[in-house]
Amino acid sequence: MYRFLDKIDSPADIKNFSTEDLRVLCAEIRDYMIDCCATNPGHLGSSLGAVELMVALHYVYDTPYDNIVFDVGHQAYAHKIITGRRELFKKNRKKDGISGFPKRSESIYDIFGTGHSSTSISAALGLAKAAEMEGNRKKTVALIGDGALSGGLAFEGLNNAGISKTDILVIINDNNISIDKNIGGIHEHLLKLTTHPGYNRLKKSVWDMIGEGKFRELIQNFVVTTKSHLVHNSGGALFEALGFRYFGPIDGNDIEQTIDALRRLKDMPGPRILHTITTKGKGYPPAEEDQTIWHAPGMFDPVTGKRIMPSKPGASRYQDVFGEVLLELARKDRRITGVTPAMASGCGMNILAKEMPERFFDVGIAEEHAVTFSAGLAAGGMKPFCNIYSSFSQRAYDQIIHDVALQKLGVVLCFDRSGLVGEDGATHHGNFDIAAYRCIPDTIIAAPKDEIELKNLMYTASLTDEGPFIIRYPRGYGEGKDWRNAEFSILAPGQGEMISDGEKVAVIGAGPVINRAAEAAAAYREKFGTGPAIYNIRYIKPLDRAMMDRILSEFSSLITIEDGCLAGGVFGAASEYAAEKKSSIRITGLGIPDRFISQGSQKELRDECGLNQENIYRTIAAEMEACSPKG
């Protein structure tokens, strides 16, 4: 039982709280958040650090009439809890539960859906401009972490908003870290600004000059101009040069100071920025001490902070295979470099960073830059492995076409988290990469069926002079293969393998899902003494034409299976090839249907999409029956 939290069903319930009441409420929200996330994992650290910001925003602003736009949404848990979703939060990120990110269809308080980075300023500017054109008095706030400021879209939004004269407040939630430690010029600028001794001596007195009364706007203008000159050497004029009035930094974990700042800025006209300093993991010592791990810690004991690690005995995570193999290849080839857009630990590239920091490049949350930077490295004679989560690669689509493929530069693009990722939901599923990139000329797309094949595809890519060479693989554990002791082997592009021979029906696929097809076929063969042929095509582009020609000539039915969208994927590739050859073979596709898939465990979502052994077995059985002589 909580003194206040149990009675909070909407932001209206906190409007008459005293400052002390709000402090107690913030502590209760943190306790509730920790308790829920201990058994139902989520993005904990960011939300712990932003509790006071969330409470203060709903305390000062009239939500949902006023607009609060989040960036990514990692910090939005307190927002969800106090906007009528306290009980629903117990099923946060669960199948048929609420999303882990703001979602328009979920609540009127989620004015704009998020999940990817750096979108908040552009979206908020659009909302603010719409309010202006409608002639209403809605206020609009964009809340962006300083890590997200490294994304190009954030700068595009700042550049446009600063000259717009539109009523918009941008809050920079500066906690010195995104998932891994922040890097880059904007981070260094904020660090320099917040640690400059002259600025901090003047900050409080300058801020206090902004009061109420007849000459308030005149004083505000004087303060902004004076402050710009006073802190010019510390970099404080950067945002003002873009057309914003800049205020802060303030302690974003001090509820009284945060409310005071928001009240003072709420009715100030034009674009303005409030710079807040918060602590990621605030209020929970384990999360404060290891902020990278506790960004999304998984299950843990809320009392001791001991993490409960899931495991698959004898198996390695694909990200660990990637990280160790990349380092092994880099030891053999001085040209090999690693590039990641702020996902070093998530993709396993921190292994290379530790031993060879001079050949490791974390470019911040900037996928477009990561790809073109990699293209430049390749043009200069290096062999870059650029690792991007599949869904985030969408932001670099033009760069992959224009800067890599068109110039046939030898960039290896490793798409981690391809397919159904699980609890992060629709914004993070890597469903579209096959369909998106298969149409690009001179592009190789491969999907390993297990850890050894990932190792060998990376080795093959390292020896391939032209690109892009795309390797897609899923989140989570592999098949339990002894990949560390396996010798490197070249897997020639356009060559797959037959896993098992059969009759009447052929099954083709790429990635670990073909193992489930092989298991289903083995079960069918054990029961009936015959069964389908199973082919690991390995390369989605270029297709193994010899394999496809044999299938079209010897089998009556073809089943394609993929952990990606059916539209334009392996199913599309096989259907196009069959049409080209004027084949009458019947083709059935198993994959992700033509709709956005919500959150849930990977197993639950694969069951939903029919990508489990049971459904594959049923499909094989139906096709084998359809191909059998009648009567």
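Guide: Helices (H or I, at least four residues) and strands (E, at least two residues) are DSSP runs, numbered from the N terminus. This is a predicted model, in which local features need pLDDT of at least 70 and side-chain atom pairs count only at pLDDT 80 or more, while totals for chains, interfaces and linings use all residues. Residues are numbered from 1 along each chain as its sequence is written, and side-chain values use heavy atoms, with hydrogens and water left out.

Visitor: Where does Ser-117 lie?

Guide: The unreviewed UniProt entry lists Ser-117 under "binding site", among them also His-116 and Gly-147, although such annotations may be inferred rather than shown by experiment. Gly-147 is in the loop between β2 (140-145) and α6 (152-162), whereas Ser-117 lies in the loop between α4 (77-81) and α5 (120-134).

Visitor: How far apart are the farthest two C-alpha atoms of the listed positions?

Guide: The UniProt list for "binding site" includes His-74 and Glu-367. The listed positions span 294 residues in sequence, and they do not all gather at one spot, because the farthest two C-alpha atoms are separated by 32.0 Å.

Visitor: Is Ser-117 buried or exposed?

Guide: Buried means under 20% relative accessible area, exposed means over 50%, and partly exposed lies in between (1.4 Å probe, protein chains only). Since its relative accessibility is 8%, Ser-117 counts as buried.

Visitor: Which residues does Ser-117 touch, not counting those up to four places away in sequence?

Guide: Contact here means heavy atoms within 4.5 Å. With residues up to four places away in sequence left out, Ser-117 touches Asp-71, Val-72, Ala-148, Ile-365 and Arg-395.

Visitor: How many disulfides does a search of the whole structure find, and which cysteine sulfur is nearest to that of Cys-347?

Guide: A disulfide is a pair of cysteine sulfur atoms within 2.5 Å. The search of the whole structure finds zero. For Cys-347, which is in no disulfide, the nearest cysteine sulfur is 8.6 Å away and belongs to Cys-414.

Visitor: How many residues of strand β10 (residues 383-389) are buried?

Guide: Both faces of β10 are covered, with Lys-383, Phe-385, Asn-387 and Tyr-389 on one side and Pro-384, Cys-386 and Ile-388 on the other. The number of buried residues in β10 is therefore seven of its seven.

Visitor: Which residue in β11 is the bridge partner of Cys-386?

Guide: Two strands pair if DSSP finds at least two bridges between them. Strands β10 and β11 (residues 412-416) run parallel and are joined by five bridges. Within β11, the bridge partner of Cys-386 is Leu-413.
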